[in-house]
Amino acid sequence: MRLAIISDIHANLEALNAVLDDISRQRIDETVCLGDIVGYGANPNECAVLAKKHCVLTILGNHDAAALGILSTQNFNIPARIAIEWTSEQLDETTKTFLKNLPLKETRHDISFVHATPYEPDMWHYISSLEEAAYNFQFFKSDFCFIGHTHTPLIIVVNAEKELYIHQAPGLDYRAMPGARFLVNVGSVGQPRDRDAKACYGILDAEEKSFVCRRVRYEVEKTQTKMKKIQMPEFLIARLSEGR
Ligand code: ZN
């Protein structure tokens with residue numbers, strides 16, 4: 001079983017199409033989306049249609065919840081709030097119904113999927129230290145848990161000796177040792193923030209217990225032109241060129 005895991009599309013249709021095209025060439029059995037389909041970009045409804053069509057499972061993200069009006073934007077920064085206001089007005093009934101029914105956390109094929117953290121998925125915490133990661137390992141039973149939310153790809157491993165470490169390798173290539181468990185952030189399709197502007201997603205080979213992060217070029221300028229047209233804040237447009 002080979003799974004593609006995508007996250008944080010953020011209404012970036014060009015990035016999503018490029019990623020789906022790449023997935024179609026990778027012998028993938030199933031695709032899972034970890035949420036934040038909307039917010040920031042110009043094509044929220046189009047991205048929701050594609051997520052629904054291509055993903056066997058989609059998880060709710062905080063921007064999806066905010067666009068639906070079920071999460072307050074008081075903890076969002078100003079550009080994010082402006083984007084959510086615009087997005088809320090654009091969502092059609094089909095998208096609203098789709099987003100409203102998404103789960104916060106799900107297990108499939110004995111693999112856990114959540115947007116923010118396994119600990120409190122509805123509190124939208126960020127895992128930004130090894131201590132926070134260590135704490136979160138108690139809140140999933142599977143060997144693998146996939147998350148998004150920070151837009152930065154990362155693998156945190158607990159080995160059979162219960163040692164915790166960050167796995168670093170070009171492309172985050174990883175093959176699990178027996179007895180290891182891991183927490184993987186698959187990065188972001190539509191707004192990468194790890195200084196690489198290319199769209200990012202992950203592939204898990206469940207039998208091999210191996211994971212790889214893929215980077216995909218897309219037409220960034222086309223996305224930016226659309227965002228200018230709908231008057232998205234300049235900061236949100238500029239960051240896509242640099243992946244920051
Ligand atoms: Zn996000």
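Start by selecting Y174: across from this residue stands F211, in strand β12. Keep in mind as you click around that this is a predicted model.

β9 (174-175) is an edge strand, pairing on one side only, and its partner is β12, residues 210-216. Two bridges hold the count for this pair, and the sense is antiparallel.

Next, bring up the whole sheet. Six strands make an open sheet with mixed pairing, and you can walk through it in the order β3-β2-β1-β11-β12-β9. At the other edge from β9 sits β3, residues 57-58, again with pairing on one side only.

Then jump to α7 (220-229) and α8 (234-242). Their axes come within 9 Å and cross at roughly 180 degrees, so α7 is roughly antiparallel to α8. To show the contact, select V220, T223, Q224, M227 and K228 on α7, plus L236, I237, A238, L240 and S241 on α8. By class, that contact has six nonpolar, three polar and one charged residues.

Keep M227, L236 and L240 selected, as they also line the largest cavity. What classes do the lining residues fall into? Four are nonpolar, five polar and none charged. The space inside is about 40 Å³, and the count of cavities of 30 Å³ or more comes to one.

Conventions
Residues are numbered from 1 along each chain as its sequence is written. This is a predicted model: local features need pLDDT of at least 70, side-chain atom pairs count only at pLDDT 80 or more; totals for chains, interfaces and linings use all residues. Side-chain values use heavy atoms; hydrogens and water are left out. On a 1 Å grid over the protein atoms alone, a cavity is a set of points where a 1.4 Å probe fits but cannot get out, and a pocket is an open set with protein on both sides within 12 Å along at least five of seven lines; lining residues have an atom within 4 Å of a point. Grid points are joined across faces, edges and corners, and a volume is the space filled by probe spheres set on the points. Ala, Val, Leu, Ile, Met, Phe, Trp, Tyr, Cys and Pro count as nonpolar, Asp, Glu, Lys and Arg as charged, and the others, Gly among them, as polar. Two strands pair if DSSP finds at least two bridges between them. Helices (H or I, at least four residues) and strands (E, at least two) are DSSP runs, numbered from the N terminus. Axes are lines fitted to C-alpha atoms, for helices over the stretch in contact, and angles run from 0 to 180 degrees between N-to-C directions. Angles under 35 degrees count as roughly parallel, over 145 as roughly antiparallel, 65 to 115 as roughly perpendicular and the rest as oblique. Contact means heavy atoms within 4.5 Å.
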